[in-house]
Amino acid sequence: MADTAFAGLVDKHQKGLLKDWLAAQKRDGTSRDPSAEAANADLARQVLDQLSKGAAGGRLDDTTAPEWAPMREVLEDFSRARATQGFNPTETAVFVFSLKEPLFDMLRREIGADAEQLGRLTWAVTRLLDALGLYTIECFARTREEVIGRQQQELLELSTPVVELWDGILALPLIGTLDSARTQIVMENLLERIVESGAEIAIIDITGVPTVDTLVAQHLIKTISAARLMGADCILSGIRPQIAQTIVHLGLELNVVSKATMADALRLALRRTEKVIVDRAKALGTED
Amino acid sequence: MSEIPILKIGDCLLVSIQVDMHDRLAMALQDDLTQRIVSDRARGVMIDISALEIVDSFIGRMLNNIAAMSRVLDAVTVVVGMRPAVAITLVELGLALTGVRTALNVDKGLAMIRGIIDNAEHADAHRDR
């Protein structure tokens, strides 16, 4: 009963609450961009609106109740926008928590005479705002995770190009660490391209692979074996001195032709496919 | 029982596997193939597995066996037309078919066999001199 009275109070003092809340937000610094103030005020009005509507249901202790659904939606949109705009979690949470002070002030003014009622309502409102704040943070984190997941996916796709260097010669410049998931994609891409282009030689360049341990070596061997089963020979290139030492120290046996640089690998590949690149200046010079 | 046809192309034999292999069929194929290598004096054997969507350890072992048998009869074996998915599965299973030569398609397989035979003859000619 008293809880529905709270809804009435919020409705009655909406203007004052809004003003105090925006002032509190400004003081606590939840918004970096002064130009977003109008949008912020609009959003705050919506939240207060939904607060009185939700509280009218009388269930301040259960924000999962259906009458709070519009409120959850508003907060969800808000936290999603904040997450994509690059706000940090504190700034996002303070938006909701800064509403406590104006609400408590209002309650004290209205029912300050009735100490028991005031204490009960203050506690209920604290719980309510905590729940709403936590929900906001949860949405914020979820949006962040979605962004991270999407970026991971994009990184996977971006970082495994298969380049056609010459007729029948493919190059696979690997960048970043090779884990199982990436190896799978790299392998699939390479094999698909071997079928498409009918290439007989694939140069795997590991200049961009920071470290080669036993696991990475095993993934490399798998890729090389799979390419061989498709009838393409692999040449490993871009082995840095440090990595050459690691490979020997670990006792890894790659069983593949390896070259220090991509240029050497290409030279070998051209020789194997019986192609010659001629330096024109030199060729003309010897003719004279 | 169905039988796997063996086609002759020049001095090469082409075996195209298009049905599920089982023990009996594999034995029959090894029998037929070794017979044909001898009777046709074949120098190369091509096994086309482009129709196979699943290659298990059993087929892997059969391919290895055929390659070994052909080698004894002085014929080169090339497995051609393996699908990407099959190649990945075989590698994940740890079956890299190290004893078998591979090529992308029949065309390239034929060229590969030609190259190997020519090389061998070249080396023989050198030794004779």
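A:Arg59 lies in the loop between α3 (37-55) and α4 (69-85) of chain A. Helices (H or I, at least four residues) and strands (E, at least two) are DSSP runs, numbered from the N terminus. This is a predicted model, in which local features need pLDDT of at least 70, side-chain atom pairs count only at pLDDT 80 or more, and totals for chains, interfaces and linings use all residues. Residues are numbered from 1 along each chain as its sequence is written, while chains are lettered from A and ligands numbered from 1 in the order in which they are written.

**A:Arg59**
- With 17 C-beta neighbours inside 10 Å, A:Arg59 counts as partly exposed. A residue is buried if 20 or more other C-beta atoms lie within 10 Å of its own, exposed if 12 or fewer, and partly exposed in between; C-beta atoms are placed from the backbone.
- A:Arg59 and A:Ala124 are 65 residues apart in sequence, yet their C-alpha atoms are 9.6 Å apart in space.

**The two chains**
- Chain A has 12 helices and five strands. Of its 288 residues, 30% are buried.
- Chain B has four helices and five strands. Their order along the sequence is β-β-α-β-α-β-α-β-α. Of the 129 residues in chain B, 33% count as buried.
- In chain A, 76% of contacts between residues at least 6 apart in sequence join residues at least 24 apart. Two residues are in contact if their C-beta atoms, placed from the backbone, lie within 7 Å.
- In chain B, residues 24 or more positions apart account for 78% of the contacts with a separation of 6 or more.

**Nonpolar cores**
- The largest nonpolar core has 67 residues. Such a core is a set of buried Ala, Val, Leu, Ile, Met, Phe, Trp, Tyr and Cys residues joined through C-beta atoms within 7 Å.
- Residues with the most contacts inside this core are A:Ile194, A:Ala202, A:Ile203, A:Ala227, A:Met230 and B:Ala87.
- Helix α9 (residues 214-229) of chain A gives the most to this core, with six residues.
- Another core, of 27 residues, lies apart from it and includes A:Leu60, A:Leu75, A:Leu121 and A:Leu132.

**Packing of α8(A) on α9(A)**
- Helix α8 (residues 180-197) of chain A packs with α9(A) at an angle of about 20°, with the axes 10 Å apart. Axes are lines fitted to C-alpha atoms, for helices over the stretch in contact, and angles run from 0 to 180 degrees between N-to-C directions.
- The pair is therefore roughly parallel, a label for angles under 35 degrees.
- Among the residues that meet are A:Leu190 and A:Ile194 in α8(A), and A:Ala226 and A:Ala227 in α9(A).
- This contact divides into seven nonpolar, three polar and one charged residue. Ala, Val, Leu, Ile, Met, Phe, Trp, Tyr, Cys and Pro count as nonpolar, Asp, Glu, Lys and Arg as charged, and the others, Gly among them, as polar.

**Interface**
- 13 residues of chain B are in contact with 15 residues of chain A.
- On the chain B side, α3 (84-93) and β5 (101-103) give two or more residues each. The largest share, five residues, comes from α3(B).
- That side divides into 11 nonpolar, one polar and one charged residue.

**Positive phi**
- Most residues other than glycine have a negative phi.
- A:Glu274 has phi near 55°. It is in the loop between α11 (262-272) and α12 (280-287) of chain A, and is exposed, with 6 C-beta neighbours inside 10 Å.
- B:Leu97 has phi near 50°. It is in the loop between α3 and β5 of chain B, and is buried, with 21 other C-beta atoms within 10 Å.

Technical notes:
Angles under 35 degrees count as roughly parallel, over 145 as roughly antiparallel, 65 to 115 as roughly perpendicular and the rest as oblique.
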